[in-house]
Structures are given as structure tokens and as C-alpha cells.
Number of protein chains: 2
Amino acid sequence: MPVLDYALLLDPPAFPAERYAILADRLAALMGTGNDVLLMQAEAVLALEAAATSLARPGLRALNIVTSPYGAWFGGWLARGGATVRNLTASPAKPVTLEEVERALDEGPGFDLLALVHAESASGILNPLPAIAALARQRGIVTLVDAVASIGGHAFEVDRLGIDIAVIGPQKALAGPAGVSAISVSEKAWELLSHGDAPANSMLSLLDQKKLWLDAGRGVLPGTPAPLEFYALEAALDRIEAEGLASANERHERAAAATRNGIRALGIPTWVEEAHASALVSTAILPDTVEAKAFLVAASQKQGADLSAGVGPGAERLIRLNHTGRRAHPEAVKANIAAFSSALKSLGHAADTDSALEATEKAYSDAPANGV
Amino acid sequence: MPVLDYALLLDPPAFPAERYAILADRLAALMGTGNDVLLMQAEAVLALEAAATSLARPGLRALNIVTSPYGAWFGGWLARGGATVRNLTASPAKPVTLEEVERALDEGPGFDLLALVHAESASGILNPLPAIAALARQRGIVTLVDAVASIGGHAFEVDRLGIDIAVIGPQKALAGPAGVSAISVSEKAWELLSHGDAPANSMLSLLDQKKLWLDAGRGVLPGTPAPLEFYALEAALDRIEAEGLASANERHERAAAATRNGIRALGIPTWVEEAHASALVSTAILPDTVEAKAFLVAASQKQGADLSAGVGPGAERLIRLNHTGRRAHPEAVKANIAAFSSALKSLGHAADTDSALEATEKAYSDAPANGV
């Protein structure tokens, strides 16, 4: 892989004003939506904080699904702005169930907003988004979905699912830059966002973006846009459009299946049941005899692998195998499995690397995943 | 100039964890400070909003100097968080005077915080920072200075001036990336920032940066850092250190002197008296017979020039000639003067381009500015 001369990063020309709208349209196509798409000039957590801060007001009633620390922060941002927040917290490091959501909606109070994360990188879980979104839609509740990790790795179609606010970032499954993100906003969501307590003159204001960019004809963005991020986003979209979003999703599903085949061939249980496992990251449960920290140190010495500890309550004893973005390829998947096996062995646990790699291969030689 | 293949912007390796602290130390050296330096992961306006939001609490009394829309926003962010804000607004598009500041401080109430912008790109003015900072220091008031535009263009030494919070960005006089910025924080400022109403789990929280980065040993930054911005910041620091900060300041002063020579040779008055003129941008007052919009259209057709309208109250009838960063070079200065002259002529106003360019040249052949 050629190494970039970083001095080349100096003095890029300003990103052409007329191409911001084109970027937003390309992102809208990727998200499958006719809704407005805003470009946010920072990593996606700013977009999430901006959405929560812009929605929050006294009197807003929100059902906030918590399946990782991100969900907890989201509820905190809503509450900070005076909203009444019911946090529906799933079992540690597990997805929420449709039944839990239904029960919470039945109990009320009548909610204005339902927020959840699609796929969690922290634990490798996939929440049952289509069913939850359908439920919220039936009941006329505005939905907000954090699809930062899932876009490009899982089917995520905003209009088909009827999602009012969707937050995405290019830096995960799309393998793009980390310093820019995007939010789609439906008409119904704009109504909820247009209230007297909404922030203005703020990096956290969606109404600022509406007034200063959307309503002003979608020219140059307000503030000082970072050209590197926008050129990189453009290049990332070129690449993902050339591959096709369905192929990218399939590539992730295949990498996930291969990873889990390999893990199980090592006699190691995976954490999440198949129907609720994310295609981005797989999680494995270490044997009791193996200490997690020592395991990660041993694994980190293996070239090309990307293994890490889980994040948040319930995830501490899990090992995450990352197969997101550029890592959703056979060589990265196999490097992960080989490192996992080798680290187990170095800590005195029996492991057969060859069989594990064969099991991994099998997912690639089997019939195409999902009939693609 | 070679054109960057933007596909090269894809897939940079993660910025090495151990180099964030080195970057902060290099920025501290550039700012002339032994204070803590935080790296903020967005354009500098986020750093400013974060500082204001982190300081703001009911009971905080702030004297906020307003010499452009940025200052007005800053006061608004403080007030949003419950602070008692006295805005000291200078005459339109003019610097504040030391006397005005002294009077405001005398009138009280006893202020906890004094905030101002060093040099204003919006109008080309330079506030009398050293004298104001000395005054605040005498009275034990915490100072916050927006030096986003001035760092690299004007002498700006945090510890020598005794500035408690300084906000800088690399994208102006340092000619670096726009998607990252920095804040220096003194011990006294940390005391003021450590209060019960401070935001947490927020992109706007300085205490988060303290807890999650400074106190944690300055490894990888919290969140998802954008590698392109940090590699570009490193390259920008390489370049500015190779030139030397004093030379960069001198380059800006020379460009400013040359620009104003050229403008005056055209018979056009400059807006700001010399002692209070920024070295970043010069402002000229159009003759009454020349319509500003038509002038800017005519000027924009000239290659290599960067002329624009002033920003904010009082600045509408001003034309800004930008000589910041890479534009602080003779060829860019001359392109500005030539475009100014040519636009005047095309609108029926007499102008002698050759004499103006000669006057511009003269600033470069004269004895070195500032005895450098």
C-alpha cells in the first residue's frame, strides 16, 4: 500500500461550493431517502449530540432505547434540554426486543420521540430496527436512528423504514473520513425541531443548518468547512457507489459469517444469537481460564488483526473481532481468527488454527450469503 | 502546483496515539505557554463554543468585548448557560479602546472573566490585547482570548501576556487544516471551569477533555479522531516551525504594509488606523461612486485575488483584502492590488495600477519591517 506524503495534505483548494449539495444528494441516495440531508462538520457524535440538543425541550416525551453507552449519552442530552426521557435499557450487551419496546410504548406516556441505535460496534449487536420502526410509525411517533456504524454494512433504507431522523457517519462501514457526518430530517421531524427552546448560533443547532444552508439554497456551508474531509467523503462515495451498497452489505455479512465460523471452530462461543448479530463486529466470550487483558496483549502482537475488548456494561468479558469497512475482506477476517487462535494457544488454551481458518474459508466458498 | 489525487485521502492509518501529546506540546510552544493544551476535534468555532459553554453558570460575571459577530456569539453562549454577561461593544468595525475596557471594569460588577478576540478577520482590526490583558491580570480576572486568526500572523504569547484561556485554529495564518483546533487552559482557568453546572459527555465539555485525555495520560483522544486533520496539523507545524514563528509574523506584517501602501496609492482610504490594523486582512473604503456588489463581481473575475465584503455591523461598505497564511506573499498581495485597481477602473473610477503595484513593491524593498 503506497504511503501518503502528509505534506500533500497542506493547502487543498476550498471545496467547491456547488458540490456540497451534490454530496448531500449522494448521501440521500445511499440512505434511501427523499428527506433533507444536512452535512455536519465533525465526527458523528457531534451530529448525535446536535440532534438530541435540537429536539430537547420541556414537554418533549422521549422513549430512548439504551443498548450501549451511546444510547445512555443520547438520553442524557435529551434530559439536559428539559425533555422527559424514559430510558429503555436492554440486558447488558444484548439487543432490545420488540416486546420490550411494545410494552414501554403501551405503558406510555404518549411519546413524541423514539430513539435507538441500529447496530452497536460496542457489543456486536443488531437491534430489530424494521419492526420497531414500524411500531413507532403506527403510533405516529417520530423516530431517530443512529446508523453511524451500520450504513454500508447493513441494509438501512430511511424511507422504506419510515425513519424521521437518521444520523450516519462515513468512517465505519463506508471506510470514509471521520471528521464529517450527516443527518436526514423528515418534514415531521422538522415540525418537532421547530420550537422556541431550540439552540441557535450553535454547532449543535439543526435549525441553524436549515436556515443557513438548506433555506439559503445549499451553497457553501456555514462556518469554515474542512476541505480534506469533504474531498475524502467524495472519494469514499465514489468507491462505495462503484462497489454498490448491496455488495458492501453482502461483503460485511460474509465477513461476519466467516468470523463466527472461525470462532466456533475454535470451540469459543459467540455472544449474540445469529438473528441479532451485527455484520460489523463479532463478539466472542473468552474461556474462564483465559485472562482478557493478557489475551489482548498477546493478540495485539499479531500483524493485521483488530481485536479489542467490548465497551460498556456487560461487554467487559467480550472480545470484539472487527470486520467493518476495509476489514470486511477475507484476509482481514483470517488475520483476526489466526490472531485469536494464536493468543489462546500462547495462554495455554488448546486451539487448532488450521481448522479455524478452514471454517473461515468455508463461509467464502459456500453459496452466496443472502442469495446475492 | 501539483493537484492531489483525492482518492489518496482514503484509508489513512489511525493517527499514532503517542503523537497527540507531541502535537499538543508543539502547539504549546507555538503559543508560548506552559499551560495545558487541549486538541479539539472540529473547526475552531466549536472550541470557542465549548469554552463558553464550559465556563457558563449562573453567578459567573463576564465582561465580553464585542468587535465582530464572533464576540456577540460568545456572549450569547455565556448567557445561554446562565452567566451574567456585560457586552462591551466597540464602534462598528473598530477595535475596542483600553479606556473603554478600563471604564467597564471600573463600573463592575467585579468580573470573573474577560473575553475578547485578538485580531478580527471580519473587519481587519487588531484589539489592544497586551494592555487589556495586563489590566485584567492586575485585577485578578480570568482572560479568554480568541486568537484563531492571529496565531502565526501576530505575536501572541500566552504566558507573557498572562492569558488564561486561548483558542487557536491552524486554518488561518498557520495555513493548516480547518477541522481541528486547540485551547490552552491555565490552572486558574481550570478552577473557574470546575463547577457543578459544567457540561459532561459533550463535544462542548472541556472537563471531559481534561478527564478523558489530560488526566488519562494524553494517549489517543476520546471519540473518533479524524486522521487526515491530525496528519495535516503535523505537516502545518513542520512548515511553520521551519519558517519560524517570528518570520511568519514578519511576513504577515510586510504583506499588510504592502497592501496598505498599494491601496493608498490608488487614492483609496484604509479603514483602520495603523496601530490597530491587523496584519491578516486589510480593509479599504470604497468611493461613494462605486457600488460594492458590482465592485466585488468585477474583482472576482481577476485570477489570484481574494477580495471580499466586510462582515457584520459597520463592515458592509468595506472591502477586505486577504493576506493571511499562504496569501502573506508578494505575489498574492500584488494580485489583490491589481484586482482592486482593475475593478475600480472597470466601474469608471480613475486608478493607476502601475503606481499602486510600485507602492506595493516598495514595502518589500524598504528596510525590514520591525527590524527583523
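Arg19(A) is positioned over the face of Phe15(A), 5.2 Å from the ring centre. A charge is taken to sit over a ring if NZ of Lys or CZ of Arg is within 6 Å of the ring centre and within 35 degrees of the ring normal. This is a predicted model, in which local features need pLDDT of at least 70, side-chain atom pairs count only at pLDDT 80 or more, and totals for chains, interfaces and linings use all residues. Residues are numbered from 1 along each chain as its sequence is written, chains are lettered from A and ligands numbered from 1 in the order in which they are written, and side-chain values use heavy atoms, with hydrogens and water left out.

**Charge over a ring**
- Lys210(A) places its charged end over the ring of Trp190(A), at 5.6 Å from the centre.

**Aromatic pairs**
- Over all chains, the whole structure holds 16 aromatic pairs (rings of Phe, Tyr and Trp, the last by its six-membered ring, with centres within 6.5 Å; planes under 30 degrees apart are stacked, over 60 edge-to-face, the rest tilted).
- Tyr20(A) and Phe230(A) form an edge-to-face pair, because their ring planes meet at 85°, with centres 5.0 Å apart.
- This pair links helix α1 (residues 19-31) of chain A, which holds Tyr20(A), to helix α9 (residues 227-243) of chain A, which holds Phe230(A), 210 residues apart (helices are DSSP runs of H or I, at least four residues, numbered from the N terminus).
- Phe15(B) and Tyr20(B) are a tilted pair, with centres 4.9 Å apart and planes at 55°.

**Burial and clustering**
- Tyr20(A) is buried at 2% relative accessibility (buried means under 20% relative accessible area, with a 1.4 Å probe and protein chains only).
- Phe230(A) is buried at 1%.
- Phe15(B) is buried at 5%, and Tyr20(B) is buried at 2%.
- One aromatic cluster comprises Tyr6(A), Phe15(B), Tyr20(B), Phe230(B) and Tyr231(B).

Definitions and conventions:
Helix = DSSP H or I, 4+ residues; strand = E, 2+ residues; numbered from the N terminus. Buried < 20%, exposed > 50% of the residue type's maximum accessible area, 1.4 Å probe, protein only.
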